[in-house]
Amino acid sequence: MATSLESMSLEELQSHQREVEATIKGYEKKRKADCLAELKAVAKKHGFSLDEFVGGKVSSKSGPKGVAKYANPADANQTWTGRGRQPNWIKDALAAGKSLDEFAI
């Protein structure tokens with residue numbers, strides 16, 4: 001194949017390059033769509049929707065993250081914005097009679 005590329009003009013090579021780039025983008029898009037479908041199927045198998053795990057939005061673009069409003073006193077790395085599903089450490093503390101205000105940052 002190298003000899004056939006060497007015989008091409010610059011315009012032909014650039015056109016070929018654009019075709020290859022478009023094919024690669026299409027391939028990556030299909031792989032992402034296949035992966036998303038597989039993830040949705042696994043979540044459904046376990047009785048969930050994928051939206052429950054990704055904050056209600058399934059997107060290839062990552063949006064801005066919310067600002068943490070609550071932190072776990074036992075582990076400051078565990079935070080929660082107050083939106084979406086409550087983390088287990090919040091659920092456990094609330095079940096034990098603690099107030100959400102005790103975890104405010």
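Tutor: One term before we start. A salt bridge is a side-chain nitrogen of Lys or Arg within 4 Å of a carboxyl oxygen of Asp or Glu. Also, this is a predicted model.

Student: OK. How many salt bridges does a search of the whole structure find?
Tutor: The search finds 2 salt bridges. In one of them, the side chains of Glu 52 and Arg 85 meet at 3.6 Å, N to O. That pair links distant parts of the chain, 33 residues apart. Glu 52 sits in the loop between α2 and β1, and Arg 85 in the loop between β2 and α3.

Student: Why does one turn matter?
Tutor: An α-helix has 3.6 residues a turn, so residues three or four places apart point the same way. Side chains of opposite charge can pair when their charged atoms come close.

Student: How exposed are those two?
Tutor: Lys 30 counts as exposed, at 51% relative accessibility. The cut-off for exposed is over 50%. Asp 34 has a relative accessible area of 42%, so Asp 34 is partly exposed.

Student: Let's stay with α2. What should its 36 residues span?
Tutor: They should span 52 Å, at 1.5 Å a residue. The end C-alpha atoms of α2, which covers residues 10-45, are 52 Å apart, so the two values agree.

Student: What comes just after α2?
Tutor: Gly 47 does, with a positive phi of about 85°.

Student: Zoom out for me. How many helices and strands?
Tutor: The protein has 3 helices and 2 strands. Along the sequence the pattern reads α-α-β-β-α.

Student: How much of the protein is buried?
Tutor: Of its 105 residues, 10% count as buried. The accessible surface is about 8900 Å², and carbon and sulfur atoms make up 54% of that.

Student: Which residues form a nonpolar patch on the surface?
Tutor: Phe 48, Phe 53 and Val 54 form one, with about 270 Å² of accessible area together. Val 54 lies in the loop between α2 and β1. At 39% relative accessibility, Val 54 counts as partly exposed.

Student: New topic: the strands. Where is Asn 72?
Tutor: Asn 72 is in strand β1, residues 70-72. Asn 72 counts as buried because its relative accessibility is 12%, and the limit for buried is under 20%.

Student: What does its side chain meet?
Tutor: A polar contact of 2.5 Å joins the side chains of Asn 72 and Gln 78. Gln 78 lies in strand β2. Gln 78 is partly exposed, with a relative accessible area of 32%.

Student: What else is Gln 78 in contact with?
Tutor: Leaving aside neighbours within four places in sequence, Gln 78 is in contact with Tyr 70, Ala 71, Asn 72 and Trp 89. Leaving out such neighbours again, Asn 72 is in contact with Gln 78 and Trp 89.

Student: How far apart are Gln 78 and Trp 89?
Tutor: They are 11 residues apart in sequence, and 8.7 Å apart in space, C-alpha to C-alpha.

Key:
Residues are numbered from 1 along each chain as its sequence is written. This is a predicted model: local features need pLDDT of at least 70, side-chain atom pairs count only at pLDDT 80 or more; totals for chains, interfaces and linings use all residues. Side-chain values use heavy atoms; hydrogens and water are left out. Helices (H or I, at least four residues) and strands (E, at least two) are DSSP runs, numbered from the N terminus. Buried means under 20% relative accessible area, exposed over 50%, partly exposed in between (1.4 Å probe, protein chains only). A polar contact is a pair of N or O atoms within 3.5 Å; within protein, one must be able to donate a hydrogen and the other to accept it, and residues adjacent in sequence count only if both atoms are side-chain atoms. Contact means heavy atoms within 4.5 Å. The expected span of a helix is 1.5 Å times one less than its number of residues. Accessible areas come from the Shrake-Rupley method with a 1.4 Å probe; for residues, only the protein chains shown count as cover. Patches are made of residues with over 30% relative accessible area and no salt bridge: like charges are joined within 9 Å, nonpolar side chains (Val, Leu, Ile, Met, Phe, Trp, Tyr) within 5 Å.
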